[in-house]
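Morning, everyone. Please look at the model on the screen while I talk. I'll go through it piece by piece.

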Amino acid sequence: MAAAAPAKETSSKSGGNAPDPDFDWRRIATLVHISRELDRIEEQELVPGRKVLYQFSARGHDMAQVMLGTRLTKPTDAVCGYYRSRPLLLSLGVPLEDALGSNMGRAGGYSDGRDIGVVFNFPNPAGPSALPMCGGVGAQYTPTAGWAQAIRYYQDVLKDPAYADAIAVVLGGDASVATNGFWSALTIATTQKLPMLFSIEDNQYGISVPSTFQTPGGDIARNLESFGNLKIFAGDGTEPAEAARLIAQAVEHVRGRNGPALLRLKVPRLQGHSFQDTQAYKAADFVEDEWRRDPLPKLKSYIVGSVLSEEEWDSIGREAADVVAKAREIAEARPVADPATVLKGVLFDGEMQQEGGQWTHGYTAPPSRDEPKPEGPRITMAAAIRRTLDQELTTNPRMLLFGEDIGPKGGVHGVTQGLQEKHGFDRVFDTSLSEEGIVGRAVGMAIAGLLPVPEIQFRKYAEPAYEQINDTGTMRWRTHNRFAAPMVLRMPIGFLKCGDPWHSQTNEVQFVHNPGWLVAAPSNAEDAVGLLRAALRGNDPAVFFEHRAMLDDSWARRPWPGDDYVLPFGRARKTREGDDITIVTWGAMTPRCEEALGERSGDVIDLRTLVPWDKEMVLESVRRTRRCLIVHEDLRSGGFGAEIAAVVADEAFLDLDAPVARVTMPDVPSPHNPVLLDHVVPSVDAIRAKIDELVSF
């Protein structure tokens, strides 16, 4: 039987209704006035004075945002907004000097001048946090879904009473409903009935593009009326009584554990998209109508006489101007950050972030050692990864493992077989087919203090998630260590018995070029155990590559290295040692390089990790052997081997007796037919030929 369509909650205009006493109308009026004064001083003084470079007015959006923010009262609530969300931040208590100083790019504030001032974050010490916003439209949705899922996990699995009626709220404009992030988060929230509120501010334009280009008919609420497990609330965000009633109903619905809700409020955008936007694309009568719908005069007529006197209203305006002026003095007195500090904080350097990651929730890693103690028979790399995941799931209740087909199926490569059966559906679970949703929800979970271990089924399929991957890596740096999202992103790469452009890509360099991520590329079972355990117990996001050809390869099999073996990132290993040549490689190319070296004397260096990589070992070896060959499966142009070659040329040029050389795949996608594949993947013969050439140079 088909589910009944959820009701759409609407309301009539405010009329003569008495203001809802559950709302603090004086505070709402104060914050709206402060928001208006912040916009005014930026638009009239700071932007023309080149003291603010990017300015986005919230005028027209402000009243509804402030109302919504005042309903977020639990420290375990969280909200994620977008570039026009400053009024919401004000309602959470963000210091005004940060609100202005961040827009001015000064030290302190949201980012220490590293990010655009309207890309907010607020690790709130006194209430709900504002999760780190991103510059990309729609990027806020799936991390908020992750926080909502973390609420569920804390409440149901960890039995933490602090999360009993907590909610996650995401704020977005009408244009953002066309993004992958919106639809992915909607799928996550509704299929799992998460405590998540989607608040959509509909001003009918995405910069200059009408909302009818974003969703049919320009009304996302109407289009989603029949969406399963979703309650719809829709109305006018400029009418105080109507907006207050709908906001209260929507928040109550989600707090009551009735599933997610979507709140769509129509509001005017009384200024351009940004300061530079003249809005010439809007008809004059449309602009006039927007100003007639300005919520500030409506708020005044609604509460003056019943809550405030005319004099009190005017006094609030004057006080708002005074506090903003004082905040401006403080903000302008702040210096620009020392340029030398901009290089710090990409990865965890010993100073704990304020929010995010299991370390901020009291996690302490068990004792470990960095030398293996082999025990038992040789096991496959797949079995070693599975056993490590199993062990860490058993000892760490904050860890969750998820991705497509990792549950009952055990993963398309069999790596997670049996883990859901042992640890349960709450901790090992399948996801919808959305890489944006897989990684995005992991971001929210990580910020909430859990340890998410998402899996991307094949390397190529990480592309739809790349915005979230990039944002995760930059989070610690761009928030000036206020937030971090440590996670372990598992990803199979490379060829197997055959290849193709979709399932056999390596392209590790794309992640190397993404600041803030550790990158591991183990070639064997022992290294896989040590690096995976290091990543799972660490305080940075880490990409963990699992080469498909090595998961069951006989060369890659090793004895179990011990339950407490941890291999630090950045420590390479010489799998062969000698004096004639240095061969630098990783992953599936390591055994091929060993075989190609044959009876010759030389160092085969398995880097094991690409971020960081063991530059010292490579340079020490090259200075001794005076020759360097780099071998990798990735394409030649722009591959990570080019970085290694550049470093060797820069720092060991005078020690070389031969040119630095590379053996790589040519710049073609991975072919499917095994004969064609063997022709392009670096072969033992091709590597041996290059060794001979360099040694005899």
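**Sheet and helices**

A word on names: helices (H or I, at least four residues) and strands (E, at least two) are DSSP runs, numbered from the N terminus. This is a predicted model, where local features need pLDDT of at least 70, side-chain atom pairs count only at pLDDT 80 or more, and totals for chains, interfaces and linings use all residues. Residues are numbered from 1 along each chain as its sequence is written, and side-chain values use heavy atoms, with hydrogens and water left out.

Back to the strands. Strand β19 (residues 582-585) and strand β20 (residues 603-606) pair in the parallel sense over 4 bridges. Two strands pair if DSSP finds at least two bridges between them. Now the whole sheet. It is open, with 5 strands in the order β18-β20-β19-β22-β23, and its pairing is mixed. β18 (573-576) and β23 (661-665) stand at the edges. Each has a single partner strand, so one side of each has no neighbour in the sheet. On average, neighbouring strands of this sheet are turned by 25° against each other, direction ignored.

What lies across β19, β22 and β23? Helix α20 (residues 640-652) does, running at about 160° to β22 (628-635). Helix α22 (residues 684-695) also packs on the sheet and touches β19, β22 and β23. The direction of α22 makes about 155° with that of β22. Contact here means heavy atoms within 4.5 Å. Axes are lines fitted to C-alpha atoms, for helices over the stretch in contact, and angles run from 0 to 180 degrees between N-to-C directions.

Next, helix against helix. Two packed helices are described by the angle between their axes and the distance between the axes.

Take helix α5 (residues 141-156) and helix α14 (residues 435-447). They pack at an angle of about 55°, with their axes 6 Å apart. That makes α5 oblique to α14. The cut-offs: under 35 degrees is roughly parallel, over 145 roughly antiparallel, 65 to 115 roughly perpendicular, and the rest oblique. α5 passes α14 in a right-handed crossing. A crossing is left-handed if the near helix is turned anticlockwise from the far one by less than a right angle, and right-handed if clockwise. In α5, the residues that meet α14 include Gly146 and Trp147. Among their partners in α14 are Gly440 and Val443. The residues of this α5 and α14 contact divide into 6 nonpolar, 6 polar and 2 charged. Ala, Val, Leu, Ile, Met, Phe, Trp, Tyr, Cys and Pro count as nonpolar, Asp, Glu, Lys and Arg as charged, and the others, Gly among them, as polar.

α14 also packs with helix α15 (residues 466-478), at about 25° and with axes 9 Å apart. α14 and α15 are therefore roughly parallel. Val439 of α14 and Ile469 of α15 are among the residues making that contact.

One more pair. The axes of helix α1 (residues 25-46) and helix α10 (residues 295-303) come within 11 Å and cross at roughly 155°. That makes α1 roughly antiparallel to α10. Their crossing is left-handed.

Last, confidence. pLDDT is the predictor's confidence in each residue, from 0 to 100. The protein averages 94, and 98% of the residues score at least 70. Where does pLDDT stay under 50? One such stretch is residues 1-8, for which the model has 15 contacts beyond four places in sequence.
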